[in-house]
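My notebook is open and the viewer is loaded. I'll jot down what I look up, one topic at a time.

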Amino acid sequence: MTAKPDIYGILAAALKQLPPKPADSDVQAAKKRYSERVSNAVAPAFAEELRRRGLRESRPSPPSGSRSSGAERRMSGGIGAKKVDVTWATEESGLLLAISVKTINFKDRRSKNFQKNLTNRRTDLLFEAVTLHRRFPYSVIVGFLFLDKDAALDGSATRKSTFVNADQRLHLFDGRDDPADRDEKYERLFLVLLDANPTIPKVEVFRVGDLKSQIPLQDVFDEIISLIVERNPDFYEAAGGSLKKI
């Protein structure tokens with residue numbers, strides 16, 4: 001019997017479907033389409049891993065065919081409806097988990113670094129956290145900012161790399177361990193260095209606030225399951241990294 005792929009296998013298979021990455025000097029429309037395709041590869045892969053761990057209603061849901069849909073789910077929020085990349089909601093409890101996926105894939109042509117869109121991506125992340133937490137204060141909201149692998153190498157004698165700057169700018173908004181904590185905080189925030197090589201794509205995952213310790217993606221999803229159980233102890237328990245209904 002063939003073993004089912006783990007999250008790395010699922011994600012790698014999705015990333016291998018990406019087209020060749022446009023050059024940094026290419027037109028903005030081409031770069032925008034590529035970035036959207038990265039998000040639309042990651043989100044179904046994450047949702048598939050969640051379903052594999054017992055969160056059967058996770059979306060984006062796969063169609064009847066073999067390939068997953070990249071469609072986002074539109075959720076009602078505290079300050080307006082918001083499309084969310086990955087969600088798990090039930091009839092009993094509403095939104096229990098949301099995962100936001102943001103990306104920065106291209107260097108700015110003038111500055112030659114990845115810094116230009118960092119403030120915008122942070123704003124996008126914080127708006128999602130606020131609008132979802134205000135309506136669902138007990139929901140677990142997790143954020144992933146995917147950076148091109150070279151974002152760790154674009155520093156200079158006068159400025160830190162985009163990777164380090166992203167960590168510093170997001171650190172204040174990580175670690176919402178109490179449902180009464182600030183709405184704009186995420187339960188967990190992660191930075192991901194992405195090598196979108198079409199033959200052997202690779203990711204390196206780091207918890208915001210600790211860039212020295214790479215985290216296996218399996219451990220990230222183990223922690224997500226633990227957070228859900230902690231917030232919903234009357235309904236669920238963890239069993240070997242999966243969610244079990246009591």
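This is a predicted model: local features need pLDDT of at least 70, side-chain atom pairs count only at pLDDT 80 or more; totals for chains, interfaces and linings use all residues.

**Entry 1: the sheet.** I found an open sheet of five strands, and reading across it the order is β3-β4-β5-β6-β7. The pairing in it is mixed. Which strands stand at the edges? They are β3 (86-90) and β7 (202-207); each has a single partner strand, so one side of each lacks a neighbour in the sheet.

Next I zoomed in on one pair. β6, residues 188-195, runs antiparallel to β7, and six bridges join the two. As a spot check I picked F190 and found R207 of β7 standing opposite.

**Entry 2: helices on the sheet.** Which strands does α3 touch? Helix α3 (residues 118-135) packs on the sheet against β4 (94-104) and β5 (140-148), and its direction makes about 175° with that of β4. Then I went to helix α5, residues 217-231, which also packs on the sheet. I noted contacts from α5 to β3, β4, β5, β6 and β7, and an angle of about 160° with the direction of β5.

**Entry 3: α1 and α2.** Back to the start of the chain. Helix α1 covers residues 7-15 and helix α2 covers 28-52; their axes come within 9 Å and cross at roughly 155°. An angle over 145 degrees counts as roughly antiparallel, so that is my label for α1 against α2. The crossing is right-handed.

Who touches whom? From α1 I listed I7, I10, L11, A14 and L15, and across from them in α2 are A41, V42, A45, F46, E48, E49 and R52. Sorted by class, this contact has nine nonpolar residues, three charged ones and no polar ones.

While on α2 I clicked Q28, which belongs to that helix. Is Q28 buried or exposed? Its relative accessibility is 52%, and over 50% is the cut-off, so Q28 counts as exposed. I also checked a distance: Q28 and F106 are 78 residues apart along the chain, yet their C-alpha atoms are separated by 10.0 Å.

**Entry 4: α4.** Helix α4 spans residues 162-170, and its buried residues are T162, F163, N165, A166, D167 and L170. What covers them? I found that the cover includes α3, β5, β6 and β7.

I then followed α3 up in detail. α3 and α4 pack at an angle of about 35°, their axes 11 Å apart, and they cross in a right-handed way. On the α3 side the contact is made by L118, T119, R122 and L125; on the α4 side it is T162, N165, A166, R169 and L170. By class I have four nonpolar, three polar and two charged residues there.

Entry 5: A reminder to myself: most residues other than glycine have a negative phi, and most peptide bonds are trans. The peptide bond from R59 to P60 is cis, with omega near 15°, and P60 sits in the loop between α2 and β1 (73-75). K112 isn't a glycine, but its phi is positive, near 65°. I found K112 in the loop between β4 and α3, and at 56% relative accessibility it counts as exposed.

Methods: Residues are numbered from 1 along each chain as its sequence is written. Side-chain values use heavy atoms; hydrogens and water are left out. Two strands pair if DSSP finds at least two bridges between them. Helices (H or I, at least four residues) and strands (E, at least two) are DSSP runs, numbered from the N terminus. Contact means heavy atoms within 4.5 Å. Axes are lines fitted to C-alpha atoms, for helices over the stretch in contact, and angles run from 0 to 180 degrees between N-to-C directions. Angles under 35 degrees count as roughly parallel, over 145 as roughly antiparallel, 65 to 115 as roughly perpendicular and the rest as oblique. A crossing is left-handed if the near helix is turned anticlockwise from the far one by less than a right angle, and right-handed if clockwise. Ala, Val, Leu, Ile, Met, Phe, Trp, Tyr, Cys and Pro count as nonpolar, Asp, Glu, Lys and Arg as charged, and the others, Gly among them, as polar. Buried means under 20% relative accessible area, exposed over 50%, partly exposed in between (1.4 Å probe, protein chains only).
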